[in-house]
Amino acid sequence: MRNGQPINIGISEADRQTIVDGLSRLLADSYTLYLQTHNFHWNVTGPMFNTLHTMFMTQYTEQWGALDLIAERIRALGFPAPGTYAEYARLSSVKEVTGVPKAMEMVRILVDAQEATARTARSLFPVVEAANDQPTADLITQRLDVHEKTAWMLRSLLEE
């Protein structure tokens, strides 16, 4: 029981906790990816400046909206959403970048970060399906579509 009112949505507390653990990792990956993309938007230079500056803005804006959806799903399942840099650093599989990489290295880093976030989302499916949690399955399906498509678009920039 949380907040004095039991949650009875047809998913056990243990299953909800397992799902929230996965969603918390997804939120951490997503926030780290958001911050990385926004950082690159600010700091990109070179001949591809305008293209990448605009592309990164589109990506971080979409990512920002996704953070709320993930956090609100965690709350709907009855648990607090992680919301500190320390928690995100502990939970995220997306590696933090130091310094300011060159433009095409930024693209490579973002491909890796998009794919890492997709892997985290995909890893949730077994427990979500076992718990019959369609709203979370829908959310992670939507996130997978975005991350895989964005990784493809970024990867396309690396072709010669």
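A search of the whole structure, a predicted model, finds 6 aromatic pairs.

**Exercise 1.** Classify the pair formed by the rings of Tyr31 and Tyr34.

*Solution.* The ring centres of Tyr31 and Tyr34 are 5.8 Å apart, and the planes stand at 55°. Planes under 30 degrees apart count as stacked and those over 60 as edge-to-face, so the Tyr31 and Tyr34 pair is tilted.

**Exercise 2.** How are Tyr31 and Tyr34 placed in helix α1, and are they buried or exposed?

*Solution.* Tyr31 and Tyr34 are 3 residues apart in helix α1, which separates them by about one helical turn. Residues three or four places apart point the same way because an α-helix has 3.6 residues a turn. The relative accessible area of Tyr31 is 19%, so this residue is buried. Tyr34 is buried too, at 11%.

**Exercise 3.** Classify the pair of Tyr31 and Tyr88, and state which helices this pair ties together.

*Solution.* The centres of the two rings lie 4.9 Å apart with planes at 25°, so Tyr31 and Tyr88 are stacked. Tyr31 belongs to helix α1 and Tyr88 to helix α3 (residues 85-91), so the pair joins parts 57 residues apart in sequence. Both Tyr31 and Tyr88 are buried.

**Exercise 4.** Compare the span of helix α6 with the expected value, and find what its buried residues pack against.

*Solution.* Helix α6 (residues 134-157) has 24 residues and reaches 35 Å from first to last C-alpha, close to the expected 34 Å. Its buried residues include Leu139, Arg143 and His147. The buried residues of α6 pack against α1, α2, α4 and α5.

Key: Residues are numbered from 1 along each chain as its sequence is written. This is a predicted model: local features need pLDDT of at least 70, side-chain atom pairs count only at pLDDT 80 or more; totals for chains, interfaces and linings use all residues. Side-chain values use heavy atoms; hydrogens and water are left out. Helices (H or I, at least four residues) and strands (E, at least two) are DSSP runs, numbered from the N terminus. The expected span of a helix is 1.5 Å times one less than its number of residues. Buried means under 20% relative accessible area, exposed over 50%, partly exposed in between (1.4 Å probe, protein chains only). Contact means heavy atoms within 4.5 Å. Rings of Phe, Tyr and Trp (its six-membered ring) pair if their centres lie within 6.5 Å; planes under 30 degrees apart count as stacked, over 60 as edge-to-face and the rest as tilted.
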